[in-house]
Amino acid sequence: KTKYSENTEPKNKVSLYLAPMAGYTDLPFRLLAQDNGADVTTSEMVSAKGLYYNNEKTKDLLITVPEEKNYGIQIFGSEPEVLEKTVKELIKYRDNGELSYDFIDFNVGCPAPKIVKNGDGSALLEKPELLYDCLVSIKENSSVPVSVKTRLGLKEDKLASIYPIFEKANVDRIIIHPRTREQYYSGISNWESAKEILDTSTIPVVLSGDIISPEKAQEAYDMGFTNLMVGRAAVENPLIFNQIKDYLNTGNYKTPGIEDRVKLALKHIDYVEKYNNNKNAIVGMRKHLAAYTKGLPNSKELRNKIFSTKDFNQARDIFKGVQL
């Protein structure tokens with residue numbers, strides 16, 4: 001009830017997580033990542049207040065299908081009473097079969113100005129008592145495991161002083177992106193700071209940040225991290241999860257060729273058409289399709305075509321026309 005099920009334990013030396021990314025990790029992309037080796041997936045960041053007020057667009061972010069395994073919902077907020085009622089509703093949805101998921105993740109790391117300005121995300125790292133109250137509101141009302149995704153702090157590394165809050169609140173997993181809020185995504189992640197927590201933590205730790213290649217995953221594994229989260233690198237290359245597993249097991253991995261990238265794009269289009277009822281869904285996935293053109297012949301021309309397409313079949317034709 002309070003621990004992660006066995007099927008989220010490390011496979012092929014590591015357990016690989018797809019990072020929740022607003023505007024990217026919708027159901028089609030999560031399925032694509034899972035097809036290519038991701039062991040655990042998480043929804044886009046969802047507003048607890050939006051769920052509290054029953055906002056339909058917010059609820060749409062939670063949609064999953066039985067094929068998606070080890071799936072979690074990430075919520076954010078900073079009002080304990082809202083979080084409590086939201087979690088109770090989420091658990092009710094799960095119990096009555098309306099929604100399927102395996103864990104709840106609480107975001108205290110988002111650096112976006114509009115999130116921090118409202119006191120959510122990274123802002124909670126400056127308010128330890130409120131952070132604790134929020135975590136307790138979630139943990140005590142959840143019948144599924146609760147993880148927390150954090151950063152080092154707002155402006156400086158305060159992770160060592162923040163960690164006891166997670167332990168006291170009895171969270172089930174800590175996902176550490178070892179940058180400060182002020183860094184956003186610049187500079188280099190401070191893996192050493194995360195390692196200090198890993199070495200003393202009674203709670204499983206997931207490392208997020210700069211897992212951008214199989215070689216970097218090997219470096220993290222050599223430091224002792226067996227749970228790794230991949231974010232932006234997966235957008236450009238969803239094959240990275242299997243590449244990491246291959247590299248850790250054999251010392252080699254396959255670099256995706258033209259045909260591999262075309263197949264990824266076509267599979268992604270199929271998933272979006274199947275699972276996204278929004279008539280403008282193709283517009284929303286253009287950024288994904290553009291990422292798949294890296295390394296393809298006439299990539300600039302392909303991207304120009306992609307950003308003007310408004311039709312799934314037209315998008316398919318663009319990639320089917322690529323010279324293999």
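D39 sits at 6% relative accessibility, so D39 counts as buried (buried is under 20% relative accessible area, exposed over 50% and partly exposed in between, with a 1.4 Å probe and protein chains only). A quick note on what you're looking at: this is a predicted model, where local features need pLDDT of at least 70, side-chain atom pairs count only at pLDDT 80 or more, and totals for chains, interfaces and linings use all residues. Residues are numbered from 1 along each chain as its sequence is written, and side-chain values use heavy atoms, leaving out hydrogens and water.

Now for D39's partner. D39 makes a salt bridge with K245, with the closest N and O atoms 2.8 Å apart; the term means a side-chain nitrogen of Lys or Arg within 4 Å of a carboxyl oxygen of Asp or Glu. K245 belongs to helix α11 (residues 240–250) and D39 to the loop between α1 (27–35) and β2 (41–42), so distant parts of the chain are linked across 206 residues. K245 is buried too, at 7% relative accessibility.

Next, look at E79 and K49, whose side chains meet in a salt bridge at 2.6 Å, N to O. E79 is in the loop between β4 (71–76) and α4 (80–95), while K49 is in helix α2 (residues 48–52), so this pair ties together parts 30 residues apart in sequence. Helices here are DSSP runs of H or I with at least four residues, strands are runs of E with at least two, and both are numbered from the N terminus. E79 is partly exposed at 28%, and K49 is partly exposed at 40%.

Then there's D260 with K254, a salt bridge at 3.4 Å between the closest N and O atoms. K254 counts as exposed, at 55% relative accessibility.
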